[in-house]
Amino acid sequence: MATGKQEVSVHAPHKHIIILGAGVTGLTTALKLNSDPAPAQYDITIIAAHFPGDESIDYTSPKAGADWSPQATSSPEDAAMREYDKSTYDTEGPETEGLDGRGLWWREVVRGFAILDLEKEDNVPEGAVMGARNRTICLNVPKHLQYLMDKVREAGINVIRSKVDVSHGLEGVVQDAKRLVIESNPAVPENDFHALINCTGLGARHFVGDEEAGKLYPIRGQIIIVKGEATMDCTYDDFPQSSSVEENELAYVIPRPGSGTTILGGCKQKGNWDAEIDEELNDRIIERIKKWGLAEELRKSDGDRDFEILSSKVGLRPGRKGGPRVELEGRERINGVWVVHSYGHAGAGYQNSGGCSEKVAKLVGELVGL
Ligand SMILES: Cc1cc2nc3c(=O)[nH]c(=O)nc-3n(C[C@H](O)[C@H](O)[C@H](O)COP(=O)(O)OP(=O)(O)OC[C@H]3O[C@@H](n4cnc5c(N)ncnc54)[C@H](O)[C@@H]3O)c2cc1C
């Protein structure tokens, strides 16, 4: 029944959050903040120079495998990383004590864990001393990134494609990001910005200050995409090397579910910024995979039993001394805005993404009202 009174709904003013970066870290964080702790508590804008579908050496996410395989060691320094990995695994180069897997921190985290009896296994790579098996997650990376992007659009999260000016350090980045948001939506008041989340991967080195920038380094990876979906995800690490050129190389197979393709890799070359494909490394990758009988089911049945190679890519994992940086910058706002970092995820950006976005959401939530 009409009362004659006008209904007025009172909304608390929304707080604006800027996410800088649209790799797996930025997109997952945007979606997490949008849904948690309370829906629509924040107005979110993602600003990035690259988005899903783009190819650039400055954009690592499309180049990943990506599977869940432990990258953290058992050392106290990696405690946070273990938690991020665990959290991601739960929602979707290990070291050993002896060869029975007692020292593997993740044996209690993953499902279907077993130590392999190498005497009974087929295709055991030459020189292997220990093996373990577990159920893992393999992502179709282009599809996963597109899925995250579609979710971002569905959620009405504002998106701006632009490079943010890094020439005046972190303060300049905050200022320029605010300018971009206001330009795209003049209704946003200058003093309505709550936080900026820095998800820029290796790009962070251009504005986080010399000390922090000195901790960041590339871990170069190179992958070959072949036709067919392997039936098993596997990695052979620390194998006996016949020459120093093999240092930092490994052999892995990661199927991309639903794509009809598989990733063969690879390498972890610390400090190497080279964006060009090393054809000799590709030859070594294929040679090893064949020699050790990995992904046999993908090799052509006739002639030289080659793999059908579709393409090859180089990507730079955002390495950081001390592990990923997921924390608040200092104790004060920068240019009126809290800055929370989430970068330096090295070879684990996908498997960290669940745990890290949860931590960012918690940090941002604690800042509300301060
Ligand atoms: C060969 C290879 C295999 C891998 N395998 C796995 C795996 O199996 N499992 C796994 O979990 N991880 C894996 N990784 C690691 C994973 O890919 C990375 O950890 C992850 O992609 C990092 O994502 P990010 O979003 O932090 O950074 P990025 O994807 O690099 O995104 C950075 C974003 O910041 C933006 N940006 C930077 N500076 C600016 C600026 N000034 N202005 C505007 N925008 C800016 C960029 O445009 C981009 O959108 C692998 C990586 C490689 C290379």
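How many salt bridges are counted between domain 1 and domain 2? The count is one salt bridge, a term used here for a side-chain nitrogen of Lys or Arg within 4 Å of a carboxyl oxygen of Asp or Glu.

1. On the basis of these notes: this is a predicted model, in which local features need pLDDT of at least 70 and side-chain atom pairs count only at pLDDT 80 or more, while totals for chains, interfaces and linings use all residues. Residues are numbered from 1 along each chain as its sequence is written, and side-chain values use heavy atoms, with hydrogens and water left out.

2. On the domains: the domain assignment gives domain 1 as 16-63 + 142-215 + 321-367 and domain 2 as 217-319, the bounds coming from an automatic or database domain assignment. Taken over C-alpha atoms, the centres of domain 1 and domain 2 are separated by 31 Å.

3. On the interface: 15 residues of domain 1 are in contact with 14 residues of domain 2, where contact means heavy atoms within 4.5 Å. About 1300 Å² is buried between domain 1 and domain 2, with carbon and sulfur atoms giving 67% of that area; buried area is the accessible area (1.4 Å probe) that two parts lose on being put together, summed over both. Of the area that domain 1 buries against domain 2, Ile57, Lys63 and Leu202 supply 43%, more than any other three residues.

4. The side of domain 1 that touches domain 2 divides into five nonpolar, five polar and five charged residues, with Ala, Val, Leu, Ile, Met, Phe, Trp, Tyr, Cys and Pro counted as nonpolar, Asp, Glu, Lys and Arg as charged, and the others, Gly among them, as polar.

5. On salt bridges overall: by this rule the count comes to 17 salt bridges. One of them joins Lys290 and Asp306, whose closest N and O atoms are 2.5 Å apart. This pair links distant parts of the chain, since Lys290 is in helix α6 (residues 279-291) and Asp306 is in the loop between α6 and β12 (309-320), 16 residues apart; helices (H or I, at least four residues) and strands (E, at least two) are DSSP runs, numbered from the N terminus. Lys290 is partly exposed at 24% relative accessible area, and Asp306 also counts as partly exposed, at 24%, the scale being buried under 20%, exposed over 50% and partly exposed in between (1.4 Å probe, protein chains only).

6. On two further pairs: Glu296 and Arg305 meet through their side chains in a salt bridge of 3.3 Å, N to O, with Glu296 partly exposed at 28% and Arg305 partly exposed at 29%. In helix α7 (residues 349-367), Lys362 and Glu366 lie four residues apart, about one turn of the helix, and their side chains meet in a salt bridge of 3.1 Å, N to O. Lys362 counts as exposed at 55% relative accessibility, whereas Glu366 counts as partly exposed at 47%.

7. On the network: salt bridges that share partners join Asp176, Arg179 and Glu183 into one network. Asp176 is placed in helix α4 (residues 169-184) and counts as buried because its relative accessibility is 11%. Leaving aside neighbours within four places in sequence, Asp176 is in contact with Lys163, Val164 and Asp165.
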